[in-house]
Amino acid sequence: MNPTAGDPERHDGRDTDRTGDAPSRRRPSRDVLPTDLVPQTGAKARVVRLISGDLLITVNPVDGSEAESCPPGVRPDAPSRRTAEERSTRDRAAVPPVPPGPPAVRLPLLEREEERGRVVRLLTRGRSVRLSGPPGSGRTALLDAVAADCTELAPDGVVRLSGHRRTAADLLHALHEAVFDSPSYRPAREELLTALSGIGAVVLVDDLEFDGPALEELLGATPECAFVFGTTPEMAAADGLDEVALTGLGRAAATDLLSRVAGRPLTEEEANWSGDLWFESEGLPLRFVQAGALLRQRDRLRDLPEEFDEYGAFEERPAGAPPVPLLPVPTDDVPLPSIGEGAAPALLLASRLSEAARDTLRFAVALGGEVPHQAHLPALVGHTHADAALGELAGCGLLSPAGSRYRLAAGVQTQLELGGYAEGAEERARTAADHYAWWVKHPSVTPARAVAEADAVLAVMAALLPGGGPDAAPAVVRLARSAGPAFAAALHWGVWEKALRVGQEASRLAGEIAEEAYFHHELGILALCAGQLDRARAALEASIGLRGALADRTGTVAGRRALALVADRSGATTAGPADPTPAVRGDGPTTEVLPALPPLPALPRQTLVVEEPPTVAAHAVPARLPGKGGRGAGAKAMGRSVVAGARRNLVAVGAGALLVAVLGTVVTLGATAGSEDTGSGSVVPEHSAESADEGGDESTAPAENAPATEDEAENSTTPAAGASAAPAPSGTPTPGSSGTPSPGSSGTAQSPAPDAGAPTTDAPGSDSPAPTPPDPGTGSASPSASATTSPAAPSPSGGTESPGTTPPVTPTGGTPGSGDGDTEGGDATAHASGTAGASPWDTPGTATATPDGA
């Protein structure tokens, strides 16, 4: 044990020296390193919170972004307008950076005064202008001059925007960001249109790439702005825009421009060469800028040959290299370029540049014309002073500005590809992907810096994904995973969506399920913020399914939260499946609709179901309904099921059944004429057609074809309370001495029930007592004094009745059209039954009706 060591049990926050007597102070470090240079053991995820409309978005690069309703007090106030000084600062940051090296020659605007004055006059009257011209005609230079003339024209000043690879929505949000100061806030569609309607500015859009409805949408959203769109003649013109077309320069102006770029007067030979070049290039200013660069290089080759030896310009010579001979080069040894080289000078210009500049051109060709920022060139090219190459390329006219960056000038990429600069493009694109994937997620890189390099990042993805090698897809996935959160935090959701879609496709090709689920989740959050709920639901469900297969609990929970928010905004419910039972519709006042009715059993084959779209007819709810004059006692033991439906459909069915019954009755009467049989069948009155018409006293029994019990049969023989015992008029059943009702002029009825004692229901409005079944001992019905029973027709089986079948009974008390005033000729009884017909000649499952007195 070391006696000089401090007590390990002491936790008073003090340290002791080696003797253990007095506390000592820790010596501070000599070199205090900044936090950016301290090596990080574990990179922390950069989580950013921003507001989109009424949603609070938390950009989480690990598990995926989260969206929730914005809590009260978190949503910012209305954005404030930028001042003139703030707009000037922003405009200076939006132009391309000045490349290192000697300053470039400032060229005047030649032969463009007429177009310049016309555009300014149109803008003064509030008109929008379409400035069209071929690539290299000087549109950008003319827009710069117009911006200088219109500084004080509008209350919100002049706004410069780039339409290169931008949509109408991107330009609308860019305009809002240029006029209003709203950090970490992206307005919703309605708020955006409201804010844009109050902006009064002169908006200059260069390199516009869309027309048609998108252009009309842009103009309609900004009624108080005057636009100048710089585009090519191939883009269709929109209604309401004044056209200003740019053509080539004249021969004198072209020769003057060539002299200014060369920095000296032209010789006679060079002037003649300029005339031939003017005829070949149709006077495009870009071709004469590049031709002037050729003349400068020719002068340097004649005067300073030591700068253009076999090692290239600005290159350090190796230690053992021989010295460069300082002999003058004759003029005839550096001839003028040919007309073909002057019209397509990219290869000749590149051959006389430094090796770093040529490597920069190779990277630009690999990225589809996009030139990386000068700060990235040393890391990509591998040269310490590679950032100076940007100045060389810009001075030769091989680059043109595009927003805040540079890209290859028109026609340069095609010329370089023909010269072999596209060799090794895939390897350079993979190098750029690894570099940007590391750079964009570095803690020192802000989202604004990352989105400024968005075009180059997207160009890297596009160069690798379609036909890349086996390592191309994983590289694209890493780049998209790193750049996506930065683009989202910068509120540039157009490039964010492009990065997510490319990353989703790359992860699918690479077989990385977890990364594919992440990109699906981010696309769902993006669609939710844009108000596209169907697309958001589909993307989130795909993400949840993939993460569920991977047992990613955290990601699944985040996806379900977002999906619940989508369901809440779309108004959908997730409480379970809907009840498939249709609603019950009835005409009677006692019909009851149940919210959760269990499924009903299958209907019998002979059941008549009436359907009326969109309401589907279903069985009425079994209920014990009160009736008049004792009908409630008869409804107690009903042995059949009544189908509830629309009243007019039942009337139609009854009319059809009546017609069929009339024809059947005529045939039956003709077949049974002259026969006499006392038949022992009982008379059971049935429903009349009036009952089917009114439909108000319908009832159902608990089960179909259920036999009546003894108690019910006894109760059915007793008239209900309140029934009149006085003799009824002729044609109505009247209780006789045996308690059995006798049929009146209501006609012959066929009993549908298999049991002879099954009760029936009287017609509505009748005051007669409930019918009484016959005594089993007698086997015949006792008619009253007002009516007699005619012999029944013999059955087809030789006069023997089948069990449960009641033979038809024909009353003799009336004939069609005769009788007292209470009997109506042609009155009939209609009945729809769920069982087989009682008559042998009837078809099972059909309705049988008999007219009165037939």
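The following legends describe close-up views of a predicted model.

**View 1. The five-stranded open sheet.** The strands of this open sheet are arranged in the order β6-β9-β10-β5-β11, and their pairing is parallel. At the edges stand β6 (158-162) and β11 (242-245); each has a single partner strand, so one side of each is left without a neighbour in the sheet. On average, neighbouring strands of this sheet are turned by 20° against each other, direction ignored.

**View 2. The pairing of β5 with β11.** Strand β5 (residues 129-132) is joined to β11 by four bridges, and the two strands run parallel. One of the residues to look for is Val129, whose bridge partner in β11 is Asp242.

**View 3. Helices α2 and α3 on the five-stranded sheet.** Helix α2 (residues 113-124) packs on the sheet and touches β5, β9 (202-206), β10 (226-231) and β11. The direction of α2 makes about 165° with that of β11. Helix α3 (residues 139-149) also packs on this sheet, where its contacts are with β5, β6, β9 and β10. For α3, the angle of about 165° is made with the direction of β9.

**View 4. The four-stranded open sheet.** This open sheet has the strand order β3-β2-β1-β8 and mixed pairing. Its edge strands, β3 (66-69) and β8 (185-186), each pair on one side only. Strand β2 (residues 55-59) and β3 run antiparallel and are joined by four bridges. Within this pair of strands, Ile57 stands opposite Ala67 in β3.

**View 5. The packing of α16 against α19.** Two packed helices are described by the angle between their axes and the distance between the axes. The axes of helix α16 (residues 425-440) and helix α19 (residues 472-489) come within 9 Å and cross at roughly 30°. Angles under 35 degrees count as roughly parallel, and α16 is therefore roughly parallel to α19. The crossing of these two helices, α16 and α19, is left-handed. On the α16 side the contact involves Arg430, Ala433, Asp434, Tyr436, Ala437 and Val440. These meet Ala472, Ala475, Arg478, Leu479, Ser482, Ala483 and Ala486 in α19. By class, the residues of the contact of α16 with α19 are nine nonpolar, one polar and three charged.

**View 6. The packing of α18 against α20.** Helix α18 (residues 454-464) and α20 have axes that come within 11 Å and cross at roughly 20°. That angle makes α18 roughly parallel to α20. The crossing of α18 and α20 is left-handed. Ala454, Leu458 and Met461 of α18 make the contact with Val495, Lys498, Ala499 and Val502 of α20. The residues of this contact of α18 with α20 divide into six nonpolar, no polar and one charged.

**View 7. An aromatic pair in α20.** The count of aromatic pairs comes to four. One of them is formed by Trp493 and Trp496, with 5.9 Å centre to centre and 55° between the planes, which is a tilted arrangement. Both residues belong to helix α20 (residues 493-510); because Trp493 and Trp496 are three residues apart there, about one helical turn separates them.

Terms used:
Residues are numbered from 1 along each chain as its sequence is written. This is a predicted model: local features need pLDDT of at least 70, side-chain atom pairs count only at pLDDT 80 or more; totals for chains, interfaces and linings use all residues. Side-chain values use heavy atoms; hydrogens and water are left out. Two strands pair if DSSP finds at least two bridges between them. Axes are lines fitted to C-alpha atoms, for helices over the stretch in contact, and angles run from 0 to 180 degrees between N-to-C directions. Contact means heavy atoms within 4.5 Å. Angles under 35 degrees count as roughly parallel, over 145 as roughly antiparallel, 65 to 115 as roughly perpendicular and the rest as oblique. A crossing is left-handed if the near helix is turned anticlockwise from the far one by less than a right angle, and right-handed if clockwise. Ala, Val, Leu, Ile, Met, Phe, Trp, Tyr, Cys and Pro count as nonpolar, Asp, Glu, Lys and Arg as charged, and the others, Gly among them, as polar. Rings of Phe, Tyr and Trp (its six-membered ring) pair if their centres lie within 6.5 Å; planes under 30 degrees apart count as stacked, over 60 as edge-to-face and the rest as tilted.
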